[in-house]
Amino acid sequence: MMAQGKAATVRRERVDDSVAGQRIDNYLMRVCKGVPKSHVYRILRSGEVRVNGGRVGPTYRLALGDEVRIPPVRIAESSTPAAVPAGKPLPVVYEDDAIIVIDKPSGKAVHGGSGVSFGVIEQLRSQRPQARMLELAHRIDRETSGLLIIAKKRSALTALHDMMREGRVEKRYLTLVPGRWGNALQHVKEPLFKYLTPEGERRVRVSGDGKPAHSIVRLVKRWQRFSLLEVELKTGRTHQIRVHLAHLGFPLCGDDKYGNFPLNKALEQEGLKRMFLHAAHLAFAHPLSGEPIVLHAPLPEELQGFIDHLDATESRNYG
């Protein structure tokens, strides 16, 4: 059931650096939670919303110091709101007044949706109710663990998006594949195409119709049956590492979408119960100060444990 909340009074909000640069329509939808999108656009068109005393269109980008007049709006409130559990504090690798970098656990989505009621970003907001802004700067798959950047200021978020689009954020992942990878260094430049399965699930395949994708694969360690690889992403396509390596005949161990399913079952008996993919390294210039930031996240216990198991049961061979 939805219950109508009481009409609010006129609000006047001063734009700080956490929202500077955001479009006015997106800003209003965030600060007027529960107000239908159609109503947000109606009050913009009618001129009831004012910025520095004047009318603005929905595409106006807020500037630092702007004063926003928000008219009284009637907000629909759920009679049984679903609370996001705060849970255990997420492991923070780096934090300052502009960004947070966490070491995301495997199995946790970065945001709610697609059957997931809440993810990392909702949990972080629940744990830090005083934060004026927390937004994902990028995404990693639910099954993947490792380094994830969250912006605390709009200016930092915009700068990070630009840096990622221009390839100025170095991202390196560790993954385990079956078989003996041959090359110490290999560039993979296969275009990737996104599509939906008949069941409505998102999938990716190598296709000439796809978008350009570039992965740099380095051999880290090799055993009789497996190879540990480091993959550097030069582009950030959906499922890029998983699809590139599967296309070359080296599907990720534990991958439930593109992997070797009988092998995955056998690996569970050996102790590997998740996909072996970990965002281990980030290097970038700080989005506001320009200072160099280099961050590492060690393999989580369950992945390091499987590596230790291989070391104990198989002789390594680099030849």
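1. Basis. This is a predicted model, in which local features need pLDDT of at least 70 and side-chain atom pairs count only at pLDDT 80 or more, whereas totals for chains, interfaces and linings use all residues. Residues are numbered from 1 along each chain as its sequence is written, and side-chain values use heavy atoms, with hydrogens and water left out.

2. Overall make-up. The protein chain has seven helices and 18 strands, these being DSSP runs numbered from the N terminus (helices H or I, at least four residues; strands E, at least two). Of its 319 residues, 45% are buried, where buried means under 20% relative accessible area with a 1.4 Å probe, protein chains only. Among contacts (heavy atoms within 4.5 Å) between residues at least 6 apart in sequence, 65% join residues at least 24 apart.

3. Helix H3. In helix H3 (residues 120-127) the buried residues are Val-120, Ile-121, Gln-123 and Leu-124. They lie on the same side of H3, because they cover an arc of only 160° around the axis, the arc being that of the directions from the helix axis to the C-beta atoms. Strand E8 (99-104), strand E9 (135-136) and strand E10 (145-151) are among what covers these buried residues.

4. Largest pocket. A pocket is an open set of points on a 1 Å grid over the protein atoms alone, with protein on both sides within 12 Å along at least five of seven lines, and its lining residues have an atom within 4 Å of a point. The largest pocket holds about 1,400 Å³ of space, and of the 42 residues that line it, Arg-139, Ile-140, Asp-141, Arg-202 and Thr-238 are the closest to its centre. At least two lining residues each come from helix H4 (154-165), strand E11 (170-178), strand E13 (192-196), strand E14 (202-206) and helix H5 (240-247). By class, this lining has 14 nonpolar, 13 polar and 15 charged residues, with Asp, Glu, Lys and Arg counted as charged.

5. Largest cavity. A cavity is a set of grid points where a 1.4 Å probe fits but cannot get out, and a search of the whole structure finds one of 30 Å³ or more. The largest cavity has a volume of about 40 Å³ and is lined by His-138, Leu-147, Lys-171, Arg-172, Tyr-173, Ala-279, His-281 and Leu-282. E11 and strand E17 (277-285) are the elements that give two or more residues to this lining, which divides into four nonpolar, two polar and two charged residues.

Conventions. Buried means under 20% relative accessible area, exposed over 50%, partly exposed in between (1.4 Å probe, protein chains only). Grid points are joined across faces, edges and corners, and a volume is the space filled by probe spheres set on the points.
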